Amino acid sequence: MVNFDLSGKVALVTGASYGIGFAIAAAMAGAGAAIVFNDIRQELVDKGLAAYREAGIEAHGYVCNVTSEDAVNKLVSKVEAEVGVIDILVNNAGIIKRIPMCEMTADQFRQVVDVDLNAPFIVSKAVIPSMIRKGGGKIINICSMMSELGRETVSAYAAAKGGLKMLTKNIASEYGQYNIQCNGIGPGYIATPQTAPLREPQPDGSRHPFDQFILSKTPANRWGAPEDLAGPAVFLASEASDFVNGHILYVDGGILAYIGRQP
Ligand code: NAP
Ligand code: GCO
């Protein structure tokens, strides 16, 4: 019997007050996991707690900036004391800055890499020792189409997400011997606040050019919804994927397979 059950497991999903992280956490809760999430500001944690409660989920919310190693180590200690050892980590928190590379400052580049690449390193490093002591664990890194492809204005994001793909493979390589599986999910274009600027209707009511572009590049002919990531996330968090390691599972409606619809 294939086991997708997460009962008795503690899942930490970073940056999960809303968006993709929220959908993944809600799906894991539906499979039985206890949900822990963090956000940068208390009011967002409170907003997230209310949203989880509305969905019938009693989540545990903490304020933590995942770019701070000290704050992350304190978060993990607090979670272990108050909820339990983290069995499943989803490195979801992320930012993007859409700026032409030659107009981007080094500080702006660093800010993106700090959240999208350095933070998954920091949080993974904080949870792995307890996973080893417990006999295993699951780490899921939220990668991107930009782990494979570039486009104008997203140089820092693509560099970070490309690095996150390789960090995923390296954690799998280094800690697979301790029954830790580290995999990635590569969402396609998903309708969340992060991509809202790319979908804004034009003044004349027509679709945003980028919106039309993505539809032409997606065989499914639609943007993804955060809920499209739920099943893949539960699969990678469960025993059903115990022999899957270092894999990036693209959930993109077929974008990476498709040359694009002829105009
Ligand atoms: P989103 O709507 O912008 O949400 C990102 C979340 O991360 C927010 O809750 C944000 O909190 C949190 N966060 C940002 N910086 C943080 C930090 N330093 N510490 C703690 N939390 C932090 O993004 P999303 O679309 O749900 O994306 C979630 C993940 O999926 C990201 O890694 C993104 O790169 C990736 N992704 C998104 C898409 C897409 O099309 N949407 C596709 C592929 C991959 P605040 O609200 O406080 O900023
Ligand atoms: C962009 C988008 C993408 C998506 C996602 C695609 O500006 O191209 O924000 O980067 O967020 O990462 O997988």
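How many bridges join β2 to β3? In this predicted model, the count is 4, and the two strands run parallel. Within that stretch, Asp39 sits opposite Val63 of β3. Helix α2, residues 42-54, packs on the sheet here and touches both β2 and β3, with its direction at about 150 degrees to that of β2. Strand β2 itself is mostly covered, as 5 of its 6 residues are buried.

Moving to the other partner of β2, strand β1 (residues 10-14) is joined to β2 by 5 bridges, and this pair runs parallel as well.

Zooming out, the whole sheet is open and has 7 strands, in the order β3-β2-β1-β4-β5-β6-β7, with parallel pairing. Strands β3 (60-63) and β7 (248-251) stand at the edges with a single partner strand each, so one side of each has no neighbour in the sheet. On average, neighbouring strands in this sheet are turned by 20 degrees against each other, ignoring direction. As a reminder, strands of a sheet pair through backbone hydrogen bonds, either parallel or antiparallel.

Two residues make handy local views. Ala11 belongs to strand β1. Its relative accessibility is 0%, so Ala11 counts as buried, the cut-off being under 20%. Beyond residues up to four places away in sequence, Ala11 touches Met28, Ala33, Ala34, Ile35, Val36 and Ile88. Ala11 and Ser130 are 119 residues apart in sequence, and their C-alpha atoms are 13 Å apart in space.

Setting aside neighbours within four places in sequence, the contacts of Ser144 are Tyr157, Lys161, Ile185, Gly186, Pro187 and Tyr250. From Ser144 to Phe243 there are 99 residues in sequence and 23 Å in space, C-alpha to C-alpha.

The largest pocket holds about 880 Å³ of space. Its lining is made up of 40 residues, and those nearest the pocket centre are Asn92, Ala93, Gly94, Ile95 and Gln194. At least two lining residues come from each of α1 (19-30), β2 (34-39), α4 (106-134) and α5 (155-175). Helix α1 gives the most, with 3 residues. Sorted by class, the pocket lining has 21 nonpolar, 13 polar and 6 charged residues.

There is also 1 cavity of 30 Å³ or more in the structure. The largest cavity has a volume of about 30 Å³. Around this cavity are Thr14, Val66, Asn91, Asn92, Ala93, Val115, Ala119, Pro120 and Val123. Helix α4 supplies the largest share of that lining, with 4 residues. The cavity lining has no charged residues; it has 6 nonpolar and 3 polar ones. Asn92 and Ala93 turn up in the cavity lining, and they are also among the residues nearest the centre of the largest pocket.

Note on methods: Residues are numbered from 1 along each chain as its sequence is written. Chains are lettered from A and ligands numbered from 1 in the order in which they are written. This is a predicted model: local features need pLDDT of at least 70, side-chain atom pairs count only at pLDDT 80 or more; totals for chains, interfaces and linings use all residues. Side-chain values use heavy atoms; hydrogens and water are left out. On a 1 Å grid over the protein atoms alone, a cavity is a set of points where a 1.4 Å probe fits but cannot get out, and a pocket is an open set with protein on both sides within 12 Å along at least five of seven lines; lining residues have an atom within 4 Å of a point. Grid points are joined across faces, edges and corners, and a volume is the space filled by probe spheres set on the points. Ala, Val, Leu, Ile, Met, Phe, Trp, Tyr, Cys and Pro count as nonpolar, Asp, Glu, Lys and Arg as charged, and the others, Gly among them, as polar. Two strands pair if DSSP finds at least two bridges between them. Axes are lines fitted to C-alpha atoms, for helices over the stretch in contact, and angles run from 0 to 180 degrees between N-to-C directions. Contact means heavy atoms within 4.5 Å. Buried means under 20% relative accessible area, exposed over 50%, partly exposed in between (1.4 Å probe, protein chains only).
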